[in-house]
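Here are a few exercises to work through with the structure at hand. Try each task before you read its solution.

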Amino acid sequence: MGSYDSENGVAPALRYIPLSYSPADSQATALRLILTLFPDWEGPENKIEFVRFTDGITNTLLKIINRKDGLTDAQIDNDAVLMRAYGNGTEILIDREIILFVFLQEKPPRMLFWPAVASPLPSSPASTMVYSTVSFVVSPAGTWTWLLPPIYRGVARRLAQWHAVLPSKGTSSTPSQEASIIAHSEAESAKEEEGFDVIQPRRAGPSMWAVLQKWILALPTSTPEQRSRRLTLQKELQWVLAQLDDGKGIGEDGLVFSHCDLLCANVIVLPTEDGSKSEDNVTNVNFIDYEYAVPAPAAFDIANHLAEWIGYDCDYNMTPTKSVRRQFLTEYTKSYCENRGLDESSQAEIVDRLVQDVDRFRGIPGLYWGVWSLIQAQISQIDFDYAGYAETRLGEYWAWKREMDGSRKKAGEEMPLREQRWALEA
């Protein structure tokens, strides 16, 4: 596989196999892909098994193993492959993962999964990717494990490495000509609507601001209620951009290369050979599933991760308190400074700045994933209450804004649980 040319944004050609995966005939279509990739897995001596992962709410993820006689459990796991089938309509939401896999496999930190085959950039419901696993046994972190200091310190350390090492420019694929034309057409159409002005982020090019704008443009507008809601969310995006897109965060022009989807299922615990942790009792972790990765303020990526401590069930009792967030950010800053070669004397100042920045961004993940869920409610065929999830996540944003402008306190209303937990010192 060739090298990624970060200056010119050119990725090596990936092998393309004209086969598709169908959830209606999951095992047969997945098996056809696997046997095309690994013809030595065909024959009576092979015992192929499929394990379906259910942690995701967007795509299908299968682990395929070959329990061939004579192999140890470690050998079986080392030869396993993962297959991801993108959900219906997800080209509206993501279009970068293949380029990012090629880029990240040659940059630190080393990723867990390597591309073996892929269709062209995901552009249809049938888009499928197959990965080969690296040679160690891994396990995903569970939601409850965020409460364990060795786990969240490990996440903070790894996330800081991402933000410090990976450049925030030249890391995303260039949108296809067709996608650019569609986006331009949607923007021009939106401009004709009264009060709808497409945002202009401070820095042109890919960013989480541009992604959120793209998603709002993709919201349904079939009814007056839908059009009104889209206009409302667009005005919120304009307001948020004016408040937060100031370039004052760490990184280049206030942006770092961000994961943007760091929920528990996307954090992999890396055990050592004897099962021990590092010398300073910090668990080694790595990240997977970075199809949403894009330049963003570090405070957004951190706040987004901390927001994911609540899990899909949105248990706000899991929201990290002030003291826990400061511990996370202290570990993050130490790792960031080490990877950037910054003097230790600057760490206390950076921690204080991040505490304030993450606090300012704490409501934005709710807006981000709330809009995402509104789209999923229209296009997804997965059995998940996206509409209800959208209202819950958008509710986080509105609660944050009411704290920001003081309207909740002025109305004499009780502070929502998430905001209570966020304000708690312990």
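**Exercise 1. Find how many cavities of 30 Å³ or more the whole structure has, and describe the lining of the largest cavity.**

Step 1. Searching the whole structure gives three cavities of 30 Å³ or more. On a 1 Å grid over the protein atoms alone, a cavity is a set of points where a 1.4 Å probe fits but cannot get out, and lining residues have an atom within 4 Å of a point. The model is predicted: local features need pLDDT of at least 70 and side-chain atom pairs count only at pLDDT 80 or more, while totals for chains, interfaces and linings use all residues. Residues are numbered from 1 along each chain as its sequence is written, and side-chain values use heavy atoms, with hydrogens and water left out.

Step 2. The largest cavity holds about 100 Å³ of space, a volume being the space filled by probe spheres set on the grid points, which are joined across faces, edges and corners.

Step 3. Its lining has 17 residues, with Asp246, Gly249, Gly254, Pro297 and Phe361 nearest the centre. Sorted by class, there are seven nonpolar, three polar and seven charged residues. Here Ala, Val, Leu, Ile, Met, Phe, Trp, Tyr, Cys and Pro count as nonpolar, Asp, Glu, Lys and Arg as charged, and the others, Gly among them, as polar.

Step 4. Helices α8 (298-307) and α10 (347-361) each supply at least two lining residues, and α10 gives the most, with four. Helices are DSSP runs (H or I, at least four residues) and strands likewise (E, at least two), numbered from the N terminus.

**Exercise 2. Decide whether Gln234 is buried or exposed, and list what Gln234 touches.**

Step 1. With a relative accessible area of 0%, Gln234 is buried; buried means under 20%, exposed over 50%, and partly exposed in between (1.4 Å probe, protein chains only).

Step 2. Leaving aside residues up to four places away in sequence, Gln234 touches Phe196, Asp197, Val198, Ile199, Gln213 and Ile216, where contact means heavy atoms within 4.5 Å.

Step 3. At 2.8 Å, the side chain of Gln234 reaches the backbone oxygen of Asp197.

**Exercise 3. Explain why helix α6 (residues 208-217) is largely enclosed by the rest of the structure.**

Step 1. List the buried residues of α6: Met208, Trp209, Val211, Leu212, Gln213, Trp215, Ile216 and Leu217.

Step 2. Eight of the ten residues of α6 are buried, so the helix is largely enclosed.

Notes: Polar contact = N/O pair within 3.5 Å; in protein donor to acceptor, adjacent residues only side chain to side chain. 1 Å grid on protein atoms, 1.4 Å probe; cavity = no way out; pocket = protein on both sides within 12 Å on 5 of 7 lines; lining within 4 Å.
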